[in-house]
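The stops below are taken one selection at a time.

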Amino acid sequence: MRRFLFVILFILQFFFVYSSNLKRDSLKKLISAPLDSLNCDVLYQLGEDYVTDYPDSAIYYADQILKFANLSFDSVFRMKANYLKGKASYRSSNYSNSIKYIEEAIACCVKDHEKEKADCFNVLGNSLIEIDKYKLSLSAYFTSLNIRNGLKDSLLISSSLNNIGNVYFQMQEYSQALDYYNQSLVLKENANNLQGIAIMYNNIGNVYHKQNDNLKALSSYLKALDIIEFENTIDWKPILLENIGQLYLDCGDINKCMVYYHRALIESERKGDKISIASVKSSLAIAHLRNGDYNTSLSLFEESLVKAKEIGVARIELDCYYYMSELYEKKNNFEKSIQYFRMYDKIRAKISRENNSKEIAEIQARFQLEKIDTENEILKQRNTIQRLEIDKQKTIDLFLFSLGVLILSLFIYSVYISRFRKKHNKLLTEKNKIISDRNKSLTSLNATKDKFLSIVAHDLKNPFNAVLGFTDLLIDRYDELEDSMRQEYIEIVHKSALHGSLLLDTLLTWSRSQMGVMEYNPIIINASQLIEEEMEVLEEKAYAKGISLELNEIDASLVYADSDMIRTVIRNLGNNSIKFTKERGRIIFSVKVEEGKAIIGIEDNGVGIRPEDKMKLFNLDSNYSRPGTSNEKGTGLGLILCKDFVEKNGGEIGVESQEGVGSKFWFTLPLHLNEIEKKSSTLERVEEECMA
């Protein structure tokens, strides 16, 4: 047996020395040898999956693919990486970067990838139309349409026809726009594509609206709304609602106009669509201007203008300046009216100059594309030669690897027989330990259940007693009570029911967490961006108490955590700070990086916490709760839920507080260290028509 082992070890040593030398030689010849293309395909699929909701993550995966492509001189993966970055930049409203990446992707397209080339021109057209470069956008869309006609894909052809109609609509050539919209509608009806049909009815309604045929416009809009009314995943629903509101405004029905505008704003803010938010606020401002509410109108114009400048949409800036000039004229402030009209005129002249210079830019772009195609052919020939060398080297490596595997298998088999019994005994010991640990866990869960039921019985009793008590009063003495007293009782019933509902939500979330029903789906998250989104959710409650929300001390950081859980933690801690901060107070959110982890803080200048109460905050047994500065009620489970979620994400939570001065709650999350996560959430998405 020993002699056999010595022979094996000698052969292994010879094999590894020989293979190491060959590997070094091959590395010298092929320093840029590509990784397995299957890995790139997986990265691309992950990027496509994240591009709609997490464009930063999609760009991260695209960069990984680009590294592989550059090492292997692979034009296809270089094209896919740049297309993914361009698409993600478009989703982030960074149109200049989107155009740059898509042009690089087009330069890498080869003959066998016509569909991808058409998709690239389509995204290029989407970005160009957003920055008002209509002629260039039209050229990109027609190129995409010609390719898709050759592929004979009716849905993609329909998408291109719709996009061309959009450009003609922006150029105010309404008869041509209507023609392309109707062609697209026929193809979508043949395919029974309901969302596509709704989009076309919306676009056709826009044309009729511009042609002052209000009855046909309203009919088309309402057909579209009937199709998507109860669909919550439709990203363009705010646009349709805004169009209906604009139609009612033009017809002089301010009340119906306001209803649809406010619905559009709610949908836009829920989806975080910056362009739509800016557009709807501008439209709302115009409606208030027509209604004579100048202060509200001015405030909305200013908010819309800030958003429009941030995302670089000139047409919204143009509308804001024009109507702000009109507003100040109505207020007899002619100096400011002239000032805003000059700003309007300056933007209009700039757009005109850009459109006049587009034809020259198109000629230059075509020349660059032809030049790049020639270079790609040369590069393709070089790649073919390199791949032949790689295949030869792979054959040698495979033979050596197979020999090594055979020798190792013989060695492992001989060791396996001698260790089998020992391993079997160890496995039995581990299973017994697992059973013991599970018994302890079940005992703990049973105790937690008893405490949980006790809290439910106690905390739900008060709101339901209030609801029952005051509804009894309303039933028995309704005719005797004055209107003000009835209103007061109804408000008390509403608040009690709301408190009970919030308590149930918290209890259900916590119970799902304890029972292991809630899934843990970690992904790469931009911490500061997530905090900003949750601050927007908290703004209304803070505004009601005159409390300011600020985001200070921001360290750029990507964390690896479950997005839904962390949102729940930030929202709970933010609500607590608002609850225990007096009117006109201040709450500061922060993100900083220390020792390989992100520390997220929520600091207020509220009433603070007594030292003896700090130990009760995260403990279920204490069930600690007290009313807020405006007598807000709590459940006592919010902080316990936060602690559970933070620990599930590999972090810690704590509090620093001084009574009468304020409190600072903080928690930590692990940083993302440029590794590709093995587990990620797969989200259902509906493909946007304009991104098809």
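In what sense do strand β6 and β7 pair, and over how many bridges? Select β6, residues 653–658, together with β7: the pairing is antiparallel, with six bridges. Strands here are DSSP runs of E of at least two residues, helices are runs of H or I of at least four, and both are numbered from the N terminus; two strands pair if DSSP finds at least two bridges between them. This is a predicted model, in which local features need pLDDT of at least 70, side-chain atom pairs count only at pLDDT 80 or more, and totals for chains, interfaces and linings use all residues. Residues are numbered from 1 along each chain as its sequence is written, and side-chain values use heavy atoms, leaving out hydrogens and water.

Pick E656 next; its bridge partner in β7 is K664. Three residues lie between the strands of this hairpin, and G660 there has a positive phi near 85 degrees.

D604 has S663 of β7 as its bridge partner.

Move to helix α4 (residues 75–91) and helix α5 (residues 95–108), whose axes are 7 Å apart and at an angle of about 160 degrees. Axes are lines fitted to C-alpha atoms over the stretch in contact, and angles run from 0 to 180 degrees between N-to-C directions. The angle therefore makes α4 roughly antiparallel to α5, a label for angles over 145 degrees.

Finally, show side chains: residues of α4 including M79 and Y83 meet residues of α5 including Y101 and I102, where contact means heavy atoms within 4.5 Å.

Conventions: Angles under 35 degrees count as roughly parallel, over 145 as roughly antiparallel, 65 to 115 as roughly perpendicular and the rest as oblique.
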